Amino acid sequence: MRSRVKTGIAILLTAIMLFPVYWMINVSFTKDTDMRHDPPYLFPIHGTLEGYRAVIDQQMPYLGTSLLVGLGTVALTLALSAPAGYSLAKLRPRGGGALSFVLLMAQMIPGIIMAMGFYAIYLKLGVLNSAAGLVLADSTIAVPFGVLIFTAFMSGIPSELLNAAKIDGAGTWRTFRSVVLPVSRNAIVTVSLFAFLWAWSDFVFATTLDGGGARQPITLGIYHYIGNNNQQWNAIMATAVIASIPATLLLILAQRYVAAGVTAGAVKD
């Protein structure tokens, strides 16, 4: 009986937390004329796809830019954090402990402070309002997290496996590429997922470093759309629904890998 009560409470709390998501979907199918109906419709009685047509016509370039920035952030984050994590976990370079502490402290710096610093640098380099600038900025948040995850995961790789590769004549880079990376799948998926989600949902860097660019991410697309069309809430909510789909699918597909990757290194055999 106690278990059933706990399950019922959990379902109720989950429904409360997910209700805004449901309401977002409901409004995205609601006609403008039904938007202020009292009481509001709990279901889109007279459903419409006008909002989604507006998304296809007006928001697709923003979605394409977000996808480009997200994938670029993932690639740069993996290229930097995986070798760094392997080095800290297995090669034990001098000053590795201090570097790990610096990476941990880097995650505590507010994003707006980093955005101001990037703005001054980008202004001198002439890379403001560019997708490449957003990729680099978003990677500064993802790389420290990625290094910590890879370090924790790769610390659990048996040293005998690496020694066997060395006996077979593999150097440090070959061992990392052919042995360490294949067994680090969970960590790779975890870091890739979080890097993509950070880049996909970023607003601070986007509005500071790409506020006037020709190619802007979906967060700015929604922001501008609210400002210019504050009466077309079905189109605004439809944009939010479509923008949420990639992140939702990635979380569903990668959840078991993320659970294994995040907890790696927490328990020693």
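Let's start with two helices. The axes of H3 and helix H8 (residues 172-183) come within 12 Å and cross at roughly 100 degrees. That makes H3 roughly perpendicular to H8, a label for angles of 65 to 115 degrees. Axes here are lines fitted to C-alpha atoms, for helices over the stretch in contact, with angles from 0 to 180 degrees between N-to-C directions. Helices are DSSP runs of H or I, at least four residues, and strands are E runs of at least two, numbered from the N terminus.

A word on the source. This is a predicted model, where local features need pLDDT of at least 70 and side-chain atom pairs count only at pLDDT 80 or more, while totals for chains, interfaces and linings use all residues. Residues are numbered from 1 along each chain, and side-chain values use heavy atoms, without hydrogens and water.

Which residues of H3 and H8 meet? From H3, they are Ala82, Pro83, Tyr86 and Leu91. From H8 come Thr172, Thr175, Phe176, Val180 and Leu181. Contact means heavy atoms within 4.5 Å. By class, this contact has seven nonpolar, two polar and no charged residues. Nonpolar covers Ala, Val, Leu, Ile, Met, Phe, Trp, Tyr, Cys and Pro; charged covers Asp, Glu, Lys and Arg; the others, Gly among them, are polar.

Now H2, residues 50-58. Its axis comes within 5 Å of that of H3, residues 60-91, and they cross at roughly 65 degrees. Val55, Ile56 and Gln58 in H2 meet Met60, Pro61 and Tyr62 in H3. That contact has five nonpolar, one polar and no charged residues.

Where is H2 buried? The buried residues are Gly51, Tyr52, Ala54 and Val55. Buried means under 20% relative accessible area, exposed over 50%, and partly exposed in between, with a 1.4 Å probe and protein chains only. These four sit on the same side of H2, because they cover an arc of only 155 degrees around the axis. Arg53, Ile56 and Asp57 are exposed, on the face turned away from the buried side.

Next, a loop. Ile157 lies between helix H6 (131-154) and helix H7 (159-167). Why does Ile157 count as buried? Because its relative accessibility is 6%. Leaving out residues up to four places away in sequence, Ile157 touches Lys90, Val180, Val183 and Ser184.

Finally, the whole chain. There are twelve helices and zero strands. Of the 269 residues, 36% count as buried. The C-alpha atoms fill a box of roughly 75 × 65 × 30 Å, taken along the principal axes.

How values were computed: Angles under 35 degrees count as roughly parallel, over 145 as roughly antiparallel, 65 to 115 as roughly perpendicular and the rest as oblique. The arc is that of the directions from the helix axis to the C-beta atoms.
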